[in-house]
Amino acid sequence: MVPPLALDIDGTLTTASGRIDARVFELLPEWDAPVVLATGKAFPYPVALAHFLGRAETVIAENGGVVHVDDETAVLGDSAAPRAVVEAFRERGGDLGWGGRDTVNRWRETEVALSLDADEALLREVAAAAGGDVEVVDTGYAFHVKSTGVSKGRGLERVAEALGVEPDKFVAIGDSENDVSTFAVAGESYAVANADAAAREAADVVVEEPYMDGTAGVLADLRKRTA
Ligand SMILES: O=C(O)COP(=O)(O)O
Ligand SMILES: [Mg+2]
């Protein structure tokens, strides 16, 4: 039997230019164990991906702020504190950096995401002033202002319990600091070659290939191992 998977999306299932790699649609529909999509993106994104993969909508969105498994959605964490930080950031002249088309936050329930073009120093200053309940996470795709109480890893514990699977049975693959908590919960963890320093440090293995090349290689090895 292949192991259950906890997969990051951006940087892990994508190409260098940010598209979903076509191999995702070959490899994941047939994976004969649970596949959890664990992302910093808002809830509709992984739901749509799971839907179009023909898989159960087992997803961790907003870095653990929203967890959906077995037809139940849990909205976790405190959205008020992240929103207050972003409000203060705006009052000091900060801009989220998405221009007029803020679909990034349109459906976001527990945190706020800012473009990498946003003023990071100001954002971190305002977040630090708000105290310890809020943190800024840099995924390499966006800055996320989130509650410290939620993480992809806690989300994975919740999903594992709902599925009746031990968390350490999962194999996790990811590329950035928002995957570190997943790596700590999963029994085996891989960072793709494009991963940031935090993910590389936390992973059991850093693979040589980047993006979906790296992920496809891990999946092939897992299949071979269990063949
Ligand atoms: O939304 C982001 O910033 C990154 O998303 P990811 O967690 O799927 O890599
Ligand atoms: Mg990622």
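**Helix packing, domains and a ligand shell**

User: In this predicted model, which residues of H3 and H5 meet?
Analyst: From H3 come Val 85, Ala 88 and Phe 89. They meet Leu 122, Leu 123, Val 126 and Ala 127 of H5.

User: What is the angle between H3 and H5, and how far apart are their axes?
Analyst: Helix H3 spans residues 80-91, and helix H5 spans residues 120-129. They pack at about 130°, with axes 9 Å apart.

User: Is the crossing of H3 and H5 left-handed or right-handed?
Analyst: H3 passes H5 in a right-handed crossing.

User: Which domains does the chain have?
Analyst: The assignment gives domain 1 (5-75 + 150-226) and domain 2 (80-147). Their centres, taken over C-alpha atoms, are 24 Å apart.

User: How many residues of domain 1 and domain 2 are in contact?
Analyst: 17 residues of domain 1 are in contact with 14 residues of domain 2. The domain 1 side divides into six nonpolar, six polar and five charged.

User: Which domains does the shell around ligand 1 draw on?
Analyst: The shell draws at least three residues from each of domain 1 and domain 2. Among the surrounding residues are Asp 8, Lys 41, Tyr 141 and Asn 178. By class, the shell has three nonpolar, six polar and three charged residues.

Methods
Residues are numbered from 1 along each chain as its sequence is written. Chains are lettered from A and ligands numbered from 1 in the order in which they are written. This is a predicted model: local features need pLDDT of at least 70, side-chain atom pairs count only at pLDDT 80 or more; totals for chains, interfaces and linings use all residues. A residue is near a molecule or strand if its C-beta atom, placed from the backbone, lies within 6 Å of it. Ala, Val, Leu, Ile, Met, Phe, Trp, Tyr, Cys and Pro count as nonpolar, Asp, Glu, Lys and Arg as charged, and the others, Gly among them, as polar. Domain bounds come from an automatic or database domain assignment. Axes are lines fitted to C-alpha atoms, for helices over the stretch in contact, and angles run from 0 to 180 degrees between N-to-C directions. Helices (H or I, at least four residues) and strands (E, at least two) are DSSP runs, numbered from the N terminus. A crossing is left-handed if the near helix is turned anticlockwise from the far one by less than a right angle, and right-handed if clockwise. Two residues are in contact if their C-beta atoms, placed from the backbone, lie within 7 Å.
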